[in-house]
Amino acid sequence: MKEPVLDTIFLAEQAERCEDTDDLRQVLRLYDQYYLRWQTFINQALDASGLSYTQLAKDCGISKNTLKKWCVSGGAPRSRPTYIKIGFGLGMEEKEINRLLVRYGGYHG
């Protein structure tokens, strides 16, 4: 299997080739490292902000439950606009948001 690159098109192509749930699990495991790094990042951002889940989620335009899930259980945003909203909610400059998109989302800045 090709070296994982966090790219939704690549992931969709890999998922389409899966014959059963075990195959799909194997593809998704390739992306665990990205989710763990995102979990560390979002927890550090929450701590640095000094805000509650509720307030940070509101500032970022996402649900409190989603933010809490990322912080506690892992997972990561599923879309480029969500990363951008989080960047703005955290008060990031454009350059920092671009870095966020590339590093954690696998998108072009």
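Is Ser79 buried, partly exposed or exposed? Ser79 counts as partly exposed, because its relative accessibility is 25%, and a residue has to be under 20% to count as buried. Keep in mind as you read that this is a predicted model.

**Ser79 and Thr82**

- Ser79 lies in the loop between α5 and α6, while Thr82 has its place in helix α6.
- The side chains of Ser79 and Thr82 are joined by a polar contact of 2.8 Å.
- Thr82 counts as buried because its relative accessibility is 16%, which is under the 20% cut-off.
- Setting aside residues up to four places away in sequence, Thr82 touches Ile62, Trp70 and Pro77.
- Ser79 can also be placed relative to Tyr107: the two are 28 residues apart along the chain, and their C-alpha atoms are separated by 9.4 Å.

**The largest nonpolar core**

- The largest nonpolar core has 20 residues, and those that touch the most other members are Trp38, Ile42, Leu67 and Tyr83.
- Five helices each supply at least two residues of this core: α3 (32-49), α4, α5 (64-72), α6 (80-89) and α7 (94-105).
- If you leave aside neighbours within four places in sequence, the contacts of Trp38 are Trp70, Gly75, Ala76, Pro77, Tyr83, Ile86, Leu100 and Tyr104.

**Aromatic rings**

- How many aromatic pairs are there? The count comes to six.
- One of these pairs is Trp38 and Phe41, with ring centres 5.2 Å apart and planes at 35 degrees, so the pair is tilted.
- Trp38 and Phe41 are about one helical turn apart, because they sit three residues from each other in helix α3.
- Phe41 is buried, with a relative accessible area of 14%.
- Phe41 also pairs with Tyr104: the ring centres are 4.9 Å apart and the planes are at 35 degrees, so this pair is tilted.
- Tyr104 is buried, with a relative accessible area of 9%.
- One aromatic cluster is formed by Trp38, Phe41, Trp70, Tyr83, Tyr104 and Tyr107.

**Helix α4**

- Which residues of α4 are buried? They are Leu56, Ala57 and Cys60.
- Looking down the axis of α4, you would see its buried residues fall within an arc of 100 degrees, so they line one face of the helix.
- Gln55 is found in helix α4, which covers residues 53-60.
- Gln55 is partly exposed, because its relative accessible area of 32% lies between the 20% and 50% cut-offs.
- Gln55 and Gly89 are 34 residues apart along the chain, and their C-alpha atoms are separated by 10.0 Å.
- After α4 comes Gly61, whose phi is positive, near 75 degrees.

**Helix α5**

- The buried residues in α5 include Leu67, Trp70 and Cys71.
- Seen down the axis of α5, its buried residues fall within an arc of 100 degrees, so they line one face of the helix.
- What does the face of α5 turned away from its buried side carry? That face carries the exposed residues Asn65 and Val72.
- After α5 comes Gly74, whose phi is positive, near 100 degrees.

**Cysteines**

- How many disulfides are there? The count comes to zero.
- Cys18 is buried, because its relative accessible area is 19%, under the 20% cut-off.
- Cys71 is buried as well, with a relative accessible area of 6%.

Technical notes. Residues are numbered from 1 along each chain as its sequence is written. This is a predicted model: local features need pLDDT of at least 70, side-chain atom pairs count only at pLDDT 80 or more; totals for chains, interfaces and linings use all residues. Side-chain values use heavy atoms; hydrogens and water are left out. Helices (H or I, at least four residues) and strands (E, at least two) are DSSP runs, numbered from the N terminus. Buried means under 20% relative accessible area, exposed over 50%, partly exposed in between (1.4 Å probe, protein chains only). A nonpolar core is a set of buried Ala, Val, Leu, Ile, Met, Phe, Trp, Tyr and Cys residues joined through side-chain atoms within 4.5 Å. Contact means heavy atoms within 4.5 Å. The arc is that of the directions from the helix axis to the C-beta atoms. A polar contact is a pair of N or O atoms within 3.5 Å; within protein, one must be able to donate a hydrogen and the other to accept it, and residues adjacent in sequence count only if both atoms are side-chain atoms. Rings of Phe, Tyr and Trp (its six-membered ring) pair if their centres lie within 6.5 Å; planes under 30 degrees apart count as stacked, over 60 as edge-to-face and the rest as tilted. A disulfide is a pair of cysteine sulfur atoms within 2.5 Å.
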